[in-house]
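Subject: Structure handover

Hello,

Here is the structure for you to look over. My notes on what was found in it follow below.

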Amino acid sequence: MVKHEIKKIGIFSELSDDEVKKLSLYIKEQHVDKNTELFHQDDPGDAMYLILKGGVRIYLYSPAGRELTLAVLRTGQFFGEMSLLDGMPRSANAMTIEDTDFIVLKRNDFLNVLQSYPVIATKILKDMSIRVREADAMIEDFALLNVYDRLTKYIDKLMKAEGKKEGYCTVISGNIKRQDIANAIGTTRETVSRILSAWQRKGYIKLLPSKMIMYRDILLNRLKK
Ligand code: CMP
């Protein structure tokens, strides 16, 4: 594996060339096709994954089979570290959402890397703190907001991350799947479709075949009501 590829991973980005060379002895590369389940919640954890290129969804199932997305992780991010650290089973399911290239670190190698490279251990702790904050925010939203407000926040976040400003509105191109939105905000696809249609009738958003247009101020104002 070429050196600059290892440095694409956030937690490895500050290593010296010598350290990267040593680290590459521990590392195995793996390609996984889109929509492949990498592991299930409650499986024993034997390895950590670092994404060289692609994307992975971390999610839970409800007893009725509904999915809740905890996070979507992309190039440069890692996952699967929790069960290696606490010895418990996997805390969630993981599935590729694109063709994805990984670096895989087996449990003992991961623990060796943590001990040998304090800079990596510190970065992992930092990323885990960010994830706890995001999980706290998610708990707050589930406890305090209704589904309309959660959907408003979700669309606003999506528009900020991927939208393009056009005058008074923000436009997001591509097919935004109602099921993906539902899994992220803890509701059903039917509820998302029903609310989006109602908002279109009220003029908050406009839905086109491969585009969503958001009138940001109007939509966000409904959060304050
Ligand atoms: P592990 O429990 O080994 O397997 C599932 C992985 O999903 C877990 O390690 C973390 O890497 C990741 N994960 C679990 N919960 C979250 C979350 N709330 N946000 C981001 N990643 C998570």
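The protein chain has nine helices and 12 strands. Please keep in mind that this is a predicted model. Along the principal axes, the C-alpha atoms of the protein chain fill a box of roughly 60 × 40 × 30 Å. Of the 225 residues in the protein chain, 38% are buried. Among contacts between residues at least 6 apart in sequence, 69% join residues at least 24 apart.

Strand β4 covers residues 55–61, and five of its seven residues are buried, so the strand is largely enclosed by the rest of the structure. The cut-off behind this is a relative accessible area under 20% for a buried residue.

The pairings in this sheet are as follows:

- β4 and β5 (residues 67–74) run antiparallel and are joined by seven bridges. Tyr 59 stands opposite Thr 69 in β5.
- β4 and β7 (residues 93–96) also run antiparallel, with four bridges between them. Val 56 has Thr 96 in β7 as its bridge partner.
- β2 and β7 are joined by two bridges and run antiparallel. Here Glu 37 is paired with Met 95 in β7.

β4 and β5 form a hairpin, with five residues between the two strands.

The bridge partner of Leu 50 in β6 is Phe 78.

Helix α4 and its surroundings

Which residues of α4 are buried? They are Phe 110, Val 113 and Leu 114. Seen down the axis of α4, these buried residues fall within an arc of 100°, so they line one face of the helix. Asn 108 and Gln 115, on the other side of α4, are exposed. The buried residues of α4 pack against α2 (17–23), β3 (47–53), α3 (82–86), β8 (100–106) and α5.

Helix-helix packing

Two packed helices are described by the angle between their axes and the distance between the axes. Two such pairs are set out here.

For α4 (residues 107–116) and α5 (residues 118–144), the packing angle is about 105° and the axes are 5 Å apart. That angle makes α4 roughly perpendicular to α5. On the α4 side, the contact involves Phe 110, Val 113, Leu 114 and Ser 116, which meet Pro 118, Ile 120, Ala 121 and Ile 124 in α5. Seven residues of the contact of α4 with α5 are nonpolar, one is polar and none is charged.

For α6 (residues 147–162) and α8 (residues 189–202), the axes come within 11 Å and cross at roughly 75°. These two helices, α6 and α8, are therefore roughly perpendicular to each other; the range that counts as such is 65 to 115 degrees. Val 147, Tyr 148, Leu 151, Thr 152 and Ile 155 in α6 meet a set of α8 residues made up of Thr 191, Val 192, Arg 194, Ile 195, Leu 196 and Trp 199. The contact of α6 with α8 divides into eight nonpolar residues, two polar and one charged.

Regards

How values were computed
Residues are numbered from 1 along each chain as its sequence is written. This is a predicted model: local features need pLDDT of at least 70, side-chain atom pairs count only at pLDDT 80 or more; totals for chains, interfaces and linings use all residues. Side-chain values use heavy atoms; hydrogens and water are left out. Buried means under 20% relative accessible area, exposed over 50%, partly exposed in between (1.4 Å probe, protein chains only). Two strands pair if DSSP finds at least two bridges between them. Axes are lines fitted to C-alpha atoms, for helices over the stretch in contact, and angles run from 0 to 180 degrees between N-to-C directions. Angles under 35 degrees count as roughly parallel, over 145 as roughly antiparallel, 65 to 115 as roughly perpendicular and the rest as oblique. Contact means heavy atoms within 4.5 Å. Ala, Val, Leu, Ile, Met, Phe, Trp, Tyr, Cys and Pro count as nonpolar, Asp, Glu, Lys and Arg as charged, and the others, Gly among them, as polar. The arc is that of the directions from the helix axis to the C-beta atoms.
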